[in-house]
Amino acid sequence: MAVNVAKFLRKNSLLKQRKGLLQGNLVDFFRFKRASRALLSEDYKKKQENPKNNLPPVRNETDAKGVFAMLIRNQLVHPGEKLSSAKAKENQLVPKKGTPWFLPLQKAELTPDEYYIWFYNEKSPWDIVLGFGVIAAVFTLILFPLWPAFMRKGVWYLSMAMLGLIALFFVIAIIRLIIFVITYVILSPGLWIFPNLFEDCGFIDSFKPFYAWNYPKEKKSKKSKKKAAAQSPLEQIPEKKTSTPASTSSSKPNQSTNVKRKATLEEVDE
């Protein structure tokens, strides 16, 4: 009977459920006064009158508290304390905007503004399919001796191929380490075969390139980066030499200077 009541309330719009965090897990929570409204609603009365639904009668607020207490006893819902951002930090929890943290409470008072967290989740069709798939896989493994001979032989070949690939991986790792140690002593800084074998990349990229020397990666210093960023665009533009005609007389220095400045500004604009 408690599960039937939980099914009625779980997706009920009157609860105005929200998402919260309890011990790092995402849960749905609501206030008790909204659950009481849903149990006293006309929709619940109509469904309760149908014997197939197997719902207990709720005539007043006292009956609503009794039915809700039944959900708590069956561990379908649990009271929780909603934490503010400051209190979450005190409990070493990282506050998240729009998703408050909760701490479970040991006592339920059934007050209107008391928060409750759902422990009951309805099963989806995919859960049923997954359950049947797991059962089928278990029975298939148990009945392995009854498999046809060609299927058992194929599984044996497949398992041997997988073991061979794992063994090959360990052999390559040992050989590359031996080659690196030898070349590090004789030809420093050492040679790595398949240098990206243990890098975070794709399967094919792990074997590219075939070899590489163990040179340290060049890192730009912070000072050089700051200098490059602080350099003005005018300083980065290379200067162009302007040649003056040979016939320019020395009696007009101001004119030649103005011409040179004008040309420089035009180059900057371009």
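The legends below describe several close-up views of a predicted model.

Local features are described where pLDDT is at least 70, side-chain atom pairs count only at pLDDT 80 or more, and totals for chains, interfaces and linings use all residues. Residues are numbered from 1 along each chain as its sequence is written, and side-chain values use heavy atoms, with hydrogens and water left out.

View 1. Two packed helices are described by the angle between their axes and the distance between the axes. Helices (H or I, at least four residues) and strands (E, at least two) are DSSP runs, numbered from the N terminus, and axes are lines fitted to C-alpha atoms, for helices over the stretch in contact, with angles running from 0 to 180 degrees between N-to-C directions. H1 (residues 2-10) and H2 (residues 32-39) pack at an angle of about 105 degrees, and their axes are 11 Å apart. The two helices are therefore roughly perpendicular to each other, a term for angles of 65 to 115 degrees, whereas angles under 35 count as roughly parallel, over 145 as roughly antiparallel, and the rest as oblique. Val5, Phe8 and Leu9 of H1 meet Ala35, Ala38 and Leu39 of H2, where contact means heavy atoms within 4.5 Å. The residues of this contact divide into 6 nonpolar, no polar and no charged; Ala, Val, Leu, Ile, Met, Phe, Trp, Tyr, Cys and Pro count as nonpolar, Asp, Glu, Lys and Arg as charged, and the others, Gly among them, as polar.

**View 2. Helix H1 packs with helix H4.** H1 and H4 also pack at an angle of about 105 degrees, with their axes 9 Å apart, and this makes H1 roughly perpendicular to H4. Ala2, Val5, Ala6 and Leu9 of H1 make the contact with Val67, Met70 and Leu71 of H4. By class, the contact has 7 nonpolar, no polar and no charged residues.

**View 3. Helix H4 and its two ends.** H4 (residues 61-73) has 13 residues and reaches 18 Å from its first C-alpha to its last, close to the 18 Å expected at 1.5 Å a residue, the expected span being 1.5 Å times one less than the number of residues. Asn60 caps the N-terminal end of H4, with a side-chain oxygen 3.2 Å from the backbone nitrogen of Thr62, while H4 is followed by Gln75, whose phi is positive, near 60 degrees. The buried residues of H4, which include Asp63, Val67 and Phe68, pack against H1, strand S2 (25-31), H2, strand S3 (77-82) and strand S5 (115-118).

**View 4. Asp28 in strand S2.** Asp28 is found in S2 and counts as buried, at 13% relative accessibility; buried means under 20% relative accessible area, exposed over 50%, and partly exposed in between (1.4 Å probe, protein chains only). The side chain of Asp28 makes a polar contact with the side chain of Arg10 (2.9 Å). A polar contact is a pair of N or O atoms within 3.5 Å; within protein, one must be able to donate a hydrogen and the other to accept it, and residues adjacent in sequence count only if both atoms are side-chain atoms.

**View 5. Backbone exceptions in the loops.** Most residues other than glycine have a negative phi, and most peptide bonds are trans. The peptide bond from Ser188 to Pro189 is cis, with omega near 15 degrees. Phe194, in the loop between S6 and S7, has a positive phi near 50 degrees and is buried, with a relative accessible area of 15%.
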